[in-house]
Structures are given as structure tokens and as C-alpha cells.
Amino acid sequence: MLRAHFLGRPQISRDGRPVESLSGKAIALLAYLAARRDAVTRDRLLDVLWPASAPAAARKNLRNTVWTLRKGLGEDVLDLAGDRLALTSALWVDTVEFERAVDSPAPLSLELYRGPFLDGLHIQDAADFEVWLTAERDRLLQLYLRAVATHIHAQRVAGNWQAVVELAQRALGHDPLHESLHGALMEAYARLGQRAEALRQYDVLRQTLARELGVEPLPETEALRRAIYSAQVGPTKSPSPIEPLQLGRRPVTAGERTAAPFVGRQVERMALDRALRAAQAGQARVALLAGEMGIGKSRLWDEWSAKLDEQVLVLTTRCLDATQALPFYPLAELLRRQVCLQRVVAPESPLAPVWMVEIARLLPELRALRPDLPPPATLPPDEERHHLFEALAQCFLALHRFPLVLFIDDAHWADHTTLDWLNYWLRRVHDQPVLVVLAYRPEDAGPQLIALISEWTRRGIVHPVTVSRLDDAQADQLIAALMTDPSLRQSVGARIRAQSGGNPYFLIELCRAAPDETPAELAALVQARLGRLPEVTRQVLQSAAVLDSDFDLALVRRVSGRSERETLDALDQLLGAFVLVGQAGVDNRYTFAHPLVAAVVRSGLSGARRAFLHRRAAQALMLANPAQTDSLAGRIARHLAEAGEIGQAADWFDRAAAHALRVAATGESVYFARQALALQPTAHRYLALAEALGRQGRLEEAADAYRAALDIYQAAHDQRGIARACLGLAAGFLPTGQGREIAHWVEKSLQYLDAQADPAAYAEAEFLLGAAELLIGRDLMSAERHLNESMQVALDNRLLQTAARSAFEMGNLSVQRGDFTAAIARFEETIRLAQQTHNPFQETIAHNNAAYALILAGRLQPAREHLQAGFQLAETFVLDSPWQWLYSTRGELALAEQNWDEAEEWFKRGIAEAQTRQNARQIANYQANFGLVARGRGDLAAALEWFKSADEAAARLESVPLRIHTALWLAELHIQRGELSMAESVLARAEQFLLGSERIMLRDWAAGVRARLSAALTQQPA
């Protein structure tokens, strides 16, 4: 058996005997292929391992290395397909087994980890390989430490403290700077009654951190040391974690300290007053505080809002540069405020449970407060997004206070989803006393914000408030207030005013600088100010700058590694120096007074220090609130990427992309998926990107991503992956009704799909084939076989959503056959399955189609009841897309009752919905429906035009069922108009489509039309 051990010093063996003849490059090649998993192009291998060689020499080196490997290990160790190389299963690799076992409850992964990845291996003149090797070593070490932590926790819970000692000691041999391992070892010693050893371990940790990093142990470790020293932790104590100290302090907020005086801004305040009066009159308005960085937009808001009447409900939040890719970040932060959270979860809360369930997707901590909440409903992507938007709207309405003023600071950093919701909210409360105030920098505004501002301007709801620079008189007034020494003011005042250009923030910074500081750039001035801070305060500031967003005391303390008292003192100094500000109304949360300060601090960090702090920031965010980890995944990923943890960063970007999809934030999901791909391109990441693009409706880009995944899977001969990519491509054509494309890709997937190993994919494939054949108009028996197979596999494997979709299409098939009893039974089965899976969308359209079948069967009252249930579901769950079908069926009910005016009104509503969604098939159905209304009124000319339009659309769409319907309607109309030759032509076309068809209802209809045409021809004069 061939075995490769890459953890520790590399060792290759055959049947237990070492293979000694392999060069370092050969081992590096094997390890690189093993880590990548997918096949790697020869060009990529040349770039990584022989970058300094001429192309011809590099290719020769690669060929020689491959020959050496195949000679020493066997011909079958490498797959040399085309221009790509991959390892085969003939070689057992410890890193592969290690990653498979890392989450196992058995300690196999710990045994496999013998030491750093490829320990001692160094490849000269291969810088890219060395960079990759460093990152891979760290990634595998982190996996090992994660496994150790898991096993330590299990042994700790079991009270097996000797096992904890052994695990921690072994892991510290690999990472002596891992503070939590030192803590576990300290506690284990204390539990075993070895208090002196526990305290000695603390001293080892403190000396190691001081020597290697120049920092102190974390406050949690210090608290554990004190607890051990005072015998609070010892043999008689249960293994409960040490509670952090609660000092009950809160930061000083901006309003509680001496700030620069507020100068001027009378015009801007009057503009805000007018906007509020307009909103109070009963129409939602938007006030746009526009101005450059440091111009005083936030200060203007503070001063103006402080004087508002107490009856006005004021909500404030802000967007951040570091979180502009995190969906709903400013809204989620706002709802986490105690005043909002209490209102949402209180027993008397007016917020319905259906909306609370949706909000829990954004605020997972809600489920801890309300464990009785059911799981969220399963909805199509566009419905899911709309439902979540409405849930947020309901949250704000539940605050139950008007007028309401919502302030969003730094809106130029708003994420796409927040802006989409804001537009939705303004339409939702268009007739309510709501004022939205957005502070933003026009020069940094993205295309989406610019487009929204244009739309709001066209709607007449915008109140522009341009915050301009101070004029000379106002600048002098501010300088006079800041510089009390008249002689100093006289000597430098004019220079400061000129340098600031009337920008209040720049002016304030210049006034606070020492007299001899005359920097050419404000950044240099900020650096000079910060350089005067004490060392510990600068360390805390550096940690805050790396976090680069609002943060709390615990978070910055974890990152800085300082004690709680040191961190508090440093924060007080930074508040007093106007570097940080506290968030009003939120205890222990801080942010930078100006983004420039954070940028200047970060630019002054060394590369090693920056990477270290980013790594600690990522770890601190992971530990800060486990319930919110998914919502913080994007921030964690960014920190890991900055720390050079490429593999971990890519994994966290994956997690962020998945979370964004769960909260219907498709734009952010696409962003995160692309970030993961940029770091480590893999086939499964292309699939994730394709899904996100598909949910956005960007079908062509989604197809490109599926094809990229398909290429990788094909190169790697990954049959399951090939099948998944093909199914993704097939499903992408379902919304557009391109049945032939669906069938093509499903049939290709079936060449690779293992029905036994992947029943979910097999059931999906059979469903898609059945749906495709119904769209194309193939033999109904073939479609039925596919749908029956999908249904059976889905039910056998508890794939209830797939079962519901298959039952629904089987109902549609029965309608085409004219078997309305069977169709109604299938639709009712769909309703039951949809209820079991909490899928109100599927339930709604099943009610709709059941009503349609009942109308065709002449049973109008039960049809009305199903329609009423569908309408109720669509309204309750704020579903958008079902209305295009509900309105159609409601109009057809009116047609059956010969109420032409009512039918026309329903059809007008429905075609508007279909046009909004660019549903060409449904638009063609509505054109035919308008023809039926016109014919019912006796307007045969108008009916003819409508039927012709529907017939042309059906031909373009290649929809056989619709072409048969339109042909038969046209034939009937031509007979009615006496145009018998034209009737013969279109009827013959319908009969050709129906030749050998199982569509009994349509065949009977065609036979009746043929009889009427024959009778009309008989009655014609000779």
C-alpha cells in the first residue's frame, strides 16, 4: 500500500518500507496536488514550482518529476488527463484523512497530526510555493487546534482532567502561543489538586507572550489565575467556566463631554424642519444630508435631533466601511438595541409570530428569548426576500409611535440589501408620518444609492440638505472657541483657516495640534497626535483600528490583550482625545470620531503586527457571540484574509455567502462567493456563486458559473460534481420555460448521476425531466413516468419539497388529460406536503391550480373556496409572484359566470404582475384571456387581435399546449365570423399537434370544433 505522511517531516512508503529516492520538488508536487484535491493545470504547477526557469526548462523539469514519481510509486499514482494533473486514490495521504476526521468524536485526527505540514521542506526559487506552504501549514494547524479544543471540551465535561492535561500539553508543543490551551492546562492542574503547577503554567504563558509578542495574557486568563490562587477553582469545584468580571461601567458618550462648539448651520436646520413638517402632514419623506468627509453631517444631526419634541420617535443607526458587504447590518444593529428588542419580544408585542420568525433569521439571539418560535417558512427566493422585507417593516410598525424619524449615518457605505429594504419601506409607509434622514458623502456614493436618490427625487419625496464648508466668519468663530490664547490665535489662526478649507473636522484637528505641527497632510497631523498617547493606549487604539467598526469593551480587550482596567483607561483617554466616541444609548460600544483616524492608525502598523491583530480580531469575533457567528462571517473572513489565513478566510466567506442567501440578501451572497473564489477557486464555490446569481435573476452569469464548476469537475473526473453542475444548469432554464435546454442538461447529468448514492439529485433530475416534457409538449406518458419516479424517490427519502413539486406537476399533467378529478387530488396532495414543509408559496399556487381544475370541471363554488385560500396565503405571507396566476384564475372564474367586466378587471391586474416579472408565457395566457372577454361581449374584431397575439407568442415560446388552445379559439372565432377557410387552416394545425396525444379534453374540444366547421361548410351556398 502506498502511503504519504505530510504532517511532520514528509515520509513516503510502499508496503511499510520508505521510498527514499524522491526529491524535494517531487514531494512538494505530491503535497500540492493532495491539498488542492481538484486537478491542477500544468501551467499552474510550472508557475508554483519552477517560476525562475525558462518555459522549456520548466516543462522538462515537470516531465522528469512526474516520471520519477511514476517510476518510484507506480504508474497509477497520477492521473494525467489532458493538460491537468491529479492524484489518484492509489496514494493514501495523511492530510486528506486528517481533514476528514477532524470533526469526528474519535481522536483519530489528533493521532494523524505529527507536526507542521511538510516540516523541514524548503524549495528554493519558488516564492509562490513558500507562500502557499506557510498558509497551508497554518490552516492545518488551526484545524488541529480546533480538534484539540473539541476533545478538551468533551473531557472537561466528563471531568477527565488528566486527559485534558495530556491533550493540552501535546497541542502546546505545536503552538506555544495558544492562550486558551494554557488556560485549559491551568484549570486541569487545579482540578487535579496541583495548584502550584497551575500557577506555574500561568507564569510560563506570561513569559512566552512577553518574549514573543510583547503583550500580557488576556483578562479571562488573569481572572482564572486569581480564581485558582484564591481556591475558587480546585478539586471540589465543578468544571464550570469562569464568569467575566462585570464592572458596571459605561463609556462616556459624545453628549457627555466637552465638544467643539456648533457653529452656523441655520439654513440646514431650517431645511430639516421643513422635511419633518412635510412628513408630519402624512407623507413619508427623505432628507439627504450630503457633504464631504468631516463637514459636520453627524454633528448637524446631533444638534437638530436633540431639540425634537419628545413625541417624535427617533431611531439612529450607521453604516460602516467594514460592513458594507454584510446584509442588513445597520438595521440588525438598530433592532439589537434594548428599546427595540424588548418591544419585539415582549409578551404583549404587536408583532405577529410569523414576522418574529423572519426577524430571528437576522437576530439569532431572538430564539433564545422565544424558544417557542416555529422554523421559518420555505419560500422561493423572490418571495423569501419580500417576506423578510415585510418582517422588518412590521418590526418598525410594532414600535407603534408616530411621527418616526430614522437616521442612517454614512449611508454611502450601506449594503445593497439595506438600500433595497429602505426603498421598500418608503413605499410601504408612503402615507405615514415617517422621515428618513440619510447622511452620506456624494463622492463615495455607489450606483445603487445614486439611482435610489434619483427615483425618490422623481417621486417628489426628497428634501436635499447640502452641508457646505464654513465661511471665513464661521471658521474664525470656531477657531476663537478652540484657541483661547489670543496671541496664538492671531499668529496661526489664518493659516489654520486656509489649511482646513472651511472643513470643520480638519479645522478642529489643526487647532488641537501643537503650535509647531504644520503637516502637509492631515494624516500626518493625526499620526502626530496619536504618537503622544501612552504605549498601552496606542495598543488598544491599534486593535480598535483593525476592528474598523463599532466595537464593545470586551471585543477590543480581547484583540489588544490588555487587562480590563488597562483597556478601560485607554478607552477613556481616547474618548477624551476625541479619537473615539461612544454610541449614544448603547452601553460599552464605541466607534471612531472620524474614519480617517482608523485609516491612519492601520497604515502605521507593520505587516507582522497587522496580521497578528487581524488574526486576534477574527478569533475575538468568533467568541464574542456564538449566536451571531453567521451574521459576522463576512467580517471574520475579512480579518482572516488580512491575516494571511487564506484557507480559513475562504471557508468563512463561504459561510457568509450561505448566510446572506438565508436572509435573502442575494447581492451580498454574490459578493462573498466571489471573495471565496478569488482566494481559493474550487468547483463547489462556483456552484455557490451560481446559486446566488440565479436567485438574483442573473441567469446568464449563473450559467457561466455552473459551466466553470462543470469544467473543474470534468477535469477531476468527479461524476457526482458533474451531475450537480448539469442539474444546476437545467434548473436555471425552468423560470424561462426553455424545456429543450432543461431536458438537454438533465439528460447529461443522468450519465454521471448515481441514483443510490444521491437520491436527492436523482429525484430533482426526474422532476426536471417531467417538467421539461410538459413544457415542450412531449408524450404525457413519458412526463408522467418521470414525475412518478421523482415522487416515489422523494417520498422514500423524506424529500418532501421535491415531492410537493412533483405532485403539483402531476396535477398539471392530469389537467392536460382532462382528468379533473385526478388533478384536484394531486393539487390537494401538494397542499398537504407544502404545509408539512412550511412552504406557503407552493401551497398558494396549488390552491390556485386546484381552483382552475374545478372551474374546468364546472364546480365553481369549491373553486372559489380554493381561490380564497390562495389569496389569504399570499396576503398573510406577503407573496409577490403568485398574484400573476391568482388574478388569472379569478378572472377565469368570472368568465365562467359570464361576468365580462369583472373578468377584464382581474386580467388587467394580472397582466401587470406578469409584465413586472417578464413572464412571457403568462403574458401570452392573458392575451388569450382578453380575447375570451372580447368574444363574450361580441367584439369579434378585438377578440381576433388578442388571439393572434397570443398565438404568435405561443409559437415563439414553443409551448405546444398554448398553441393548441390558441388554434382552437381562433378556429371557433373564424367559424363565428364566417371565415371558414381560415378556420380550416388553424384547426388542422391543432389536430396535427393532437395526433396520438393523450390530451383527451383538447381532442374532444377539437372534435367539436371540427363538427361545427363541417356543419358550416355544409350550409354554405354552392
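Is D410 buried or exposed? Keep that in mind; the tour reaches it at stop four.

**Before you start**

This is a predicted model. Show the whole protein as a cartoon. You are looking at 48 helices and 15 strands. Along the principal axes, the C-alpha atoms fill a box of roughly 115 × 85 × 65 Å. The protein has 1022 residues, and 55% of them count as buried.

**Stop one: an open sheet**

Select residues 2–5. This is strand β1, which runs parallel to β7 and is joined to it by 3 bridges. Now show R3 and W92. W92, in β7, is the bridge partner of R3.

Widen the view to the whole sheet. It is open and has 4 strands, in the order β3-β2-β1-β7, with mixed pairing. Which strands stand at the edges? They are β3 (17–18) and β7 (91–93). Each has a single partner strand, so one side of each is left without a neighbour in the sheet.

**Stop two: a patch of negative charge**

Select D43, D47, D83 and D128. On the surface, these residues gather in a patch of negative charge. Zoom in on D83. It sits in the loop between β5 (78–79) and β6 (84–87).

**Stop three: one turn of a helix**

Select residues 219–229. This is helix α10, and both R226 and E222 lie in it. Show their side chains. R226 and E222 form a salt bridge, with the closest N and O atoms 3.6 Å apart. The two residues are 4 apart, about one turn of the helix. R226 is partly exposed, with a relative accessible area of 34%.

Select D410 and R318. Their side chains meet in a salt bridge, 2.9 Å from N to O. D410 lies in the loop between β10 (404–409) and α18 (416–428), while R318 is in strand β9 (residues 313–318). The pair therefore ties together parts that are 92 residues apart in sequence.

Now the opening question can be settled. The relative accessible area of D410 is 7%. Buried means under 20%, so D410 is buried.

How many salt bridges does the structure hold? The count is 46. Select E564 and R557 for another one. Here the closest N and O atoms are 3.6 Å apart. E564 and R557 are both buried. Next, select E99, E136 and R139. Salt bridges with shared partners join these three into one network.

**Stop six: a contact across the chain**

Select residues 127–158. This is helix α6, and A135 lies in it. A135 has a relative accessible area of 19%, so it counts as buried. A135 and I646 are 511 residues apart along the chain.

Most residues other than glycine have a negative phi.

Select H717. Its phi is near 55°, a positive value, and the residue is not glycine. Where is H717 found? Look in the loop between α33 (699–715) and α34 (719–732). H717 is partly exposed, with a relative accessible area of 46%.

Move on to H838. This residue also is not a glycine, and its positive phi is about 55°. H838 is in the loop between α39 (820–836) and α40 (840–856). With a relative accessible area of 37%, H838 is partly exposed.

**Last stop: N839**

Stay in the loop between α39 and α40, and select N839 there. Is N839 buried or exposed? At 9% relative accessibility, N839 counts as buried. N839 and P380 are 459 residues apart in sequence. Draw a line from C-alpha to C-alpha: the two are 8.7 Å apart in space.

How values were computed
Residues numbered from 1 in each chain as written. Predicted model: local features only at pLDDT ≥ 70, side-chain atom pairs only at ≥ 80, totals over all residues. Heavy atoms only, no water. Patch = residues over 30% accessible without salt bridge, like charges linked within 9 Å, V, L, I, M, F, W, Y side chains within 5 Å. Areas by Shrake-Rupley, 256 points an atom, 1.4 Å probe, with all protein chains shown as cover. Salt bridge = Lys/Arg side-chain N within 4 Å of Asp/Glu carboxyl O. Lys, Arg positive; Asp, Glu negative; His and termini not counted. Charge placed at Lys NZ, Arg CZ, Asp CG, Glu CD. Buried < 20%, exposed > 50% of the residue type's maximum accessible area, 1.4 Å probe, protein only. Pairing = 2+ DSSP bridges.
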